[in-house]
Amino acid sequence: MGSRTAYRTCPLCEALCGLELTLDDAGAVTGVRGDRNDPLSKGFICPKGATLGRLDGDPDRLDAPLVRGDGGHGTAGWDEAFAAAGAGLRGVVERYGADAVGVYLGNPGAHSIAGPLYSGAIVKALGTRNVYSASTADQMPKHVSSGYMFGDPLAVPVPDLDRTGHLLMLGANPLESNGSLCSAPDFPGRLKAIRARGGKVVVVDPRRTRTAGLADEHVFIRPGTDAYLLAALVHTLFAEELATAGGHLAGRVHGLDDLRALVVEFTPERVEPVTGIPAHRVRRMARELAAAETAAVYGRLGTCTQAYGTLNSWLVDVLNVLTGNLDRPGGAMFPRAAHVPVYRRKRPFTTGRWRSRVRGLPEVNGELPVATLAEEILTPGEGQIKALITIAGNPVLSTPNGPRLDEALDGLEFMVSVDPYLNETTRHADVVLPPPRPAQTPHYDVALLAFTVRDYVRYSSPAVPLPEGRPAESEILARLAVLASGLDGDPAGLDEMIITSTLRKAVTMPGSPVEGREPDELRKMLENGGRTGTTEQRLDMMLRLGPYGDGFGTDPSGLTLARLRAEHPHGLDLGALKPRLDEVLCTASGHIELCPPAFAADADRLRAALDRGDGRAPGEMLLIGRRHLRSNNSWLHNVPELVRGSNTCTLQLNPADAARLGVGAGDPVRVVSRTGAIEAVAEPTDTIMAGVVSLPHGWGHDRPGTRTAVAARHAGVSANAVTDEQEIDPLSGTAVLNGVPVTLEAVGRP
C-alpha cells in the first residue's frame, strides 16, 4: 500500500502549529509530525497534535446524521436530517417567536473556517437575542477590556514574546495549554529564549505549574485576588513616579489622573492580607517591570474566570501602558491579520444593548452570559427558550452548574447539534449533524490569526476529498442558516449574498483598496474559473481586501487565496509585530481610555472587599481549574493516547490540607459547594497552595446515552457540578470558575 504526504495547520488549540500528515491509499492518517517548513512553528508539535490521526479515525466519530425517535438516536440521511431540523426550528418560532430559539457556540468552532464565517449568519437568520458561547466561560473579560480601552473588542494586545526582555504572566500556563489569546507554537522554547538573552520570566499562579517551574520566579497568589495585586502594582508605579505614558503614547492617553486617584488605597501593604504576597515583593515586581528595557504583562484564563475578570484584564493593559510598553517592539502589540481589512468602519464599543430575561444581565459583544442559559430554558414565561442549536460545544461539562443545564436541555421542545460526537450535551439533541473529519476539511484560522506573536497566514486544503453526498462543515452551517430563516434554498446563495454585500460596501469606503470600483467586476475576479466553492471565494475576497492583499489586481505581489495555496503551502511569515495603534484605536475620544467609568465604578466593589481579608469561612477551601498538555476542554478525551499518564481527573490539594482531612494519595474526597457535591480522587502535592484545591476542566463522562467509549472508561468528575451559575463577573457576564468556595470531606469518615 502506498502513502502520500499532506500539510495542514493543527486544529486542536490556539498555537497554530503546522503538521505534516502521512496518509495511506484509503485516506487514513497513518502518521503525524511537525511541519519543519512552517515559518511560525518550525516543526514543533505537542502530544495533542501528534494524535490527530487517532482523532481523525476515531470509530466513535459520527459519519452520518442522527435523528432521535422513540427508540433513541438512529442514523438518517442528510436530506431527512435537514428536513427534521428545519421543521423543528420553524415550529418553535411559529409558536413562540424568534427569541424562543437559543444558540450556543462552543470552543472548537473557533478553530475552523466554518464556525466564524457561518455561525453569525445562523443567529441573524433566526433573529434571536438568546446567543451564548464559551466566551463567557473563558475570554470575554479581555474583549470588554479592549472594547472600552481601545474601542474594538477584538483589538487584544499580545505579548511580543520573541523580543521582550521581561514577561509577567498571571493565570496562564502555556506549557500545558499551549497559550491562549497569544498564538505561539513552542511556547516553552520562546520562554527559554527570553531567559537565554538575559531577560526574566515571572509567573503568578496559585499552583506551581510546569510554566512556573520554567520561570525565573514563581509568585503564589490566593485565587481570585489578582485584581488586588495588579492594582497594587499600578499604585507603586504612581507612588514611586515610575509611571510613564510619554514617548510614542504621548497625547494618546485619557484618564491618567482618574486612574491615579482610583488606586490610592490599593497599597501593597493593604492588599497583602488578601493576596498573600508580601508588600516588599510587590514593590520589587513593579520596579523590575518599570526598569526593564522591554516588558509585557500577560493575563489569561485564570484571571478572566474570576469575580474581577474584567478589572484584571483592564489592569494588565494599564500596566503595559504605564510602563510605555503598549504598541512597541518587545511589549504588548496588536497583530495584523491578513484577512481583516484595516479600513473597516469602526463603532465605539458598548454593552447592555439588551438584557437577559430572568436576571436582567446585560448583553456583551452580542452575547448573553452562558451562566444564564439554564434559567432561560427552565423559567416559564414570555421569551422562554424552547429550542436550542449547539455548534461544536459541550456546555453540560464546560459551563457552571452543569447538572442544572443537563436538566434544562432534557426539557427542551427541540434541539439541533452540529457535532462529531454524541456526548453529554448532544445526547439531548433531536438532530445531530456531524461535520467531516479534520483531514477532509479545509483550514484557515479566521479567529486565531488575530492573536499570533508574529504576523502570519496559512491556508490548508483538505488532505482527503469528501465522499459523494457528504456536505462540508461550511455547507452544514450555511444550510442551517437558510433553514433558520424559514426557507429551504441553496446554501451557496448565502455566500453569494455575503460576497455581494461586502463588495458593495468596500467600493464605497474611504481607504479601501477597491474604493470607486465596480462590485460586479470584482465579483468576477473571485470566480477562479469555477474551481473553488463559495466559502473559498469568501476567504479569497477577505485576503484581497486585507492589509497584505492584492487589492483585486492593484498590487501584483499581494496576497490572494490562489497565491497562498500555490506558493506558500507551509504558511507565510509576514514579519514581526509592528506598531499600529493608529489603525486600531477607535474610541469616541480617539484616545486610549485608561480609566473607563464602568471600570472605575466596579473598582468600588473591589475596594469594599479589601478590609474583609480573604473572606473565607472556617474550613472553606478555594477551588481552581487546571489544564493538561494532553487535553483541550472535554473534546479530546476519546483518544486513548490522551487519557493516559498524568492526564487524569484528580483533586490536587496541599499535603497540609490532606493531613488535616486524614486522606492520602488515591483516597476519595467529597467536594461540596452551594450547587452540589462530587467525589474525586485525592492527589496531595506541594505544588499547590494550602487552602486551595484543583480539578481539571472538562471531565464527567459518566452519563447514559453517549457514544464515546474511551471517555466513558476514563469518566472522571465534572468540576462544573460544583461551580455556581449565580456567580459572575458583572462587567462581562463571565462565569466564576476559579476561586470557588468549597468544603472537603473525607469519604467514609464517621
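In the order E1-E2-E3, three strands make up an open sheet with antiparallel pairing. The edges of the sheet are formed by strand E1, covering 3-9, and strand E3, covering 29-34, each of which pairs on one side only. From one strand to the next, the twist averages 25 degrees.

Strands of a sheet pair through backbone hydrogen bonds, in a parallel or an antiparallel arrangement. Strand E2 spans residues 18-24 and runs antiparallel to E3, to which it is joined by five bridges. Within this pairing, Leu19 has Gly34 of E3 as its bridge partner.

A second site examined in the predicted model is His235, a residue of helix H9, which comprises residues 226-239. The relative accessible area of His235 is 14%; because this value is under the 20% limit, His235 is classed as buried. When residues up to four places away in sequence are not counted, His235 touches Val263, Val264, Phe266, Thr267 and Pro268.

For the pair His235 and Asn647, the separation in sequence is 412 residues, and the C-alpha to C-alpha distance between His235 and Asn647 is 40 Å.

Definitions and conventions. Residues are numbered from 1 along each chain as its sequence is written. This is a predicted model: local features need pLDDT of at least 70, side-chain atom pairs count only at pLDDT 80 or more; totals for chains, interfaces and linings use all residues. Side-chain values use heavy atoms; hydrogens and water are left out. Two strands pair if DSSP finds at least two bridges between them. Helices (H or I, at least four residues) and strands (E, at least two) are DSSP runs, numbered from the N terminus. Axes are lines fitted to C-alpha atoms, for helices over the stretch in contact, and angles run from 0 to 180 degrees between N-to-C directions. Buried means under 20% relative accessible area, exposed over 50%, partly exposed in between (1.4 Å probe, protein chains only). Contact means heavy atoms within 4.5 Å.
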